[in-house]
Amino acid sequence: MNPDRQDLTTISSLTLAHYNERADDFWKGTREHDVGQNIAALLKHIKGESPYTILDFGCGPGRDLKTFAKLGHIPVGLDGAARFVEMARAYSGCEVWHQDFLRLDLPDGHFDGIFANASLFHIPGRALPRVLKELHATLKPDGVLFSSNPRGDNEEGWSRGRYGAYHTIEAWRGYMIAAEFIEVTHYYRPAGLPREQQPWLASVWRKPGR
């Protein structure tokens with residue numbers, strides 16, 4: 001089916017169903033992934049004294065929530081997949097919100113940082129401007145958003161049961177600037193490989209201060 005003709009509710013529900021049905025396998029496959037570089041990139045650029053209040057946007061089964069908590073911060077998870085929410089609460093002991101990315105209900109000016117590791121690419125391009133503005137609003141002034149997405153040539157659609165949008169840095173920068181973020185830095189992962197072997201685009205953005 002042409003993704004442009006699918007409504008956003010259908011796109012979201014089918015993607016979440018995929019994750020709910022495969023939650024245990026996903027956890028086994030990602031539990032040992034090292035995203036220390038990404039966590040450090042977020043924390044490095046948050047201003048002020050810790051501990052920081054951090055929204056783990058798309059927290060999955062809670063791997064990174066537990067890391068943030070061990071580092072002494074105050075992480076809150078958010079995921080649309082009910083199985084992931086259940087797993088993350090049990091594994092991390094942290095507060096985890098069950099919210100669809102396309103139907104967010106977030107407090108204004110609450111978080112020092114947002115960690116969106118392999119999550120924002122699931123948002124269709126036509127919904128992305130609204131979601132980014134909602135994330136901007138939930139950050140404190142000078143707050144920081146980290147994102148890591150599989151990169152591409154600005155195509156989007158279905159892949160192995162999940163919806164994804166794959167942006168170039170130029171296109172991603174356009175979305176973020178339109179949502180009133182200021183670019184801090186970006187890089188490609190895994191580190192130390194030729195660009196063609198680095199499928200992940202990581203970037204750090206700041207909400208302007210007052």
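How many aromatic pairs does the count come to? In this predicted model, local features need pLDDT of at least 70 and side-chain atom pairs count only at pLDDT 80 or more, whereas totals for chains, interfaces and linings use all residues. Residues are numbered from 1 along each chain as its sequence is written, and side-chain values use heavy atoms, with hydrogens and water left out.

The count comes to ten aromatic pairs, where rings of Phe, Tyr and Trp (its six-membered ring) pair if their centres lie within 6.5 Å, and planes under 30 degrees apart count as stacked, over 60 as edge-to-face and the rest as tilted. One of these, F26 with F84, is tilted, at 5.1 Å centre to centre and 45° between the planes. This pair links distant parts of the chain, with F26 in helix α2 (residues 23-30) and F84 in helix α5 (residues 82-92), 58 residues apart; helices (H or I, at least four residues) and strands (E, at least two) are DSSP runs, numbered from the N terminus. F26 is partly exposed at 28% relative accessible area, whereas F84 is buried at 3%, buried meaning under 20%, exposed over 50% and partly exposed in between (1.4 Å probe, protein chains only).

The rings of F68 and F115, with centres 5.2 Å apart and planes at 80°, form an edge-to-face pair. Because F68 lies in helix α4 (residues 63-70) and F115 in strand β4 (residues 111-117), the pair ties together parts that are 47 residues apart in sequence. F68 is buried at 0% relative accessibility, and F115 is likewise buried, with a relative accessible area of 0%.
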